[in-house]
Amino acid sequence: NIIAGTKLKEELRRFQEECKLGDKMFQCGTVMKGWWSSFKSRYRHRLVMRRGERFASNRADWTKLPNIVQMYDAIYDELVDAGVVIKLDSPSV
C-alpha cells in the first residue's frame, strides 16, 4: 500500500467514514475495487496505456546480439525518463 503511514491515508479513511462508504468486509483507508478503473477514466487524458513491445519467446532466437540491442534500445530511454539510470557519454576508445 503506497499511502500506508501517510497523511493521505488518514484523509482517505476520514472521507470514507464521513460518506459511509464500504461495508463490513471493507477496511477504511484502502481503495475499493472500482477505484483503479474510475481513476483511469478520470485521468485518461494524462495516462499513457499501451502494450509493451513483443520479443521472441524462443531463447535461442532472443539471445542473439541484434535482439539484445533492440531490447536495450527499446527500454533505455524509458529507464532514463524514470530516473532509474543516468545517461553517460560513450567512452572513447
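Is Ile-3 buried or exposed? Ile-3 is buried, at a relative accessible area of 16%, where buried means under 20%, exposed over 50% and partly exposed in between, with a 1.4 Å probe and protein chains only.

## Ground rules

This is a predicted model, so local features need pLDDT of at least 70 and side-chain atom pairs count only at pLDDT 80 or more, while totals for chains, interfaces and linings use all residues. Residues are numbered from 1 along each chain as its sequence is written, and side-chain values use heavy atoms, with hydrogens and water left out.

## The overall layout

The chain has four helices and zero strands, and its elements run α-α-α-α from the N terminus on. Helices (H or I, at least four residues) and strands (E, at least two) are DSSP runs, numbered from the N terminus. Of the 93 residues, 5% count as buried.

What about contacts along the chain? Contact means heavy atoms within 4.5 Å. Among the contacts with a separation of 6 or more, 9% are between residues 24 or more positions apart.

## Helix α1 and its surroundings

Helix α1 covers residues 7–18, 12 residues in total, and reaches 17 Å from its first C-alpha to its last, close to the 16 Å expected at 1.5 Å a residue. That expected span is 1.5 Å times one less than the number of residues. Just after α1, Lys-20 takes a positive phi of about 55°.

Gln-16 sits in α1 and is buried, with a relative accessible area of 4%. Leaving out residues up to four places away in sequence, Gln-16 touches Leu-21, Phe-26, Cys-28, Gly-29, Thr-30 and Val-31. Back to Ile-3, which belongs to the segment before α1. Setting aside neighbours within four places in sequence, Ile-3 is in contact with Leu-8, Lys-9, Leu-12 and Gly-29. Ile-3 and Thr-30 are 27 residues apart in sequence, yet 8.8 Å apart in space, C-alpha to C-alpha.

## The largest pocket

Ile-3 turns up again here: Ile-3, Leu-12, Thr-30, Val-31 and Trp-35 lie nearest the centre of the largest pocket, out of 13 lining residues. On a 1 Å grid over the protein atoms alone, a pocket is an open set of points where a 1.4 Å probe fits, with protein on both sides within 12 Å along at least five of seven lines, and lining residues have an atom within 4 Å of a point.

The volume is about 380 Å³, taken as the space filled by probe spheres set on the points, which are joined across faces, edges and corners. Helix α1 gives the largest share of the lining, four residues. By type, the lining divides into nine nonpolar, four polar and no charged residues; Ala, Val, Leu, Ile, Met, Phe, Trp, Tyr, Cys and Pro count as nonpolar, Asp, Glu, Lys and Arg as charged, and the others, Gly among them, as polar.

## Aromatic pairs

How many aromatic pairs does a search of the whole structure find? It finds two. Rings of Phe, Tyr and Trp (its six-membered ring) pair if their centres lie within 6.5 Å; planes under 30 degrees apart count as stacked, over 60 as edge-to-face and the rest as tilted. Phe-39 and Tyr-43 form a tilted pair, 4.9 Å centre to centre with 45° between the planes. Phe-39 is partly exposed at 22% relative accessibility, and Tyr-43 is partly exposed at 32%.

Tyr-72 and Tyr-76 have ring centres 5.2 Å apart and planes at 35°, so that pair is tilted. These two tyrosines are four residues apart in helix α4 (residues 65–82), so about one helical turn separates Tyr-72 and Tyr-76. Tyr-72 is partly exposed at 47%, whereas Tyr-76 is buried at 17%.
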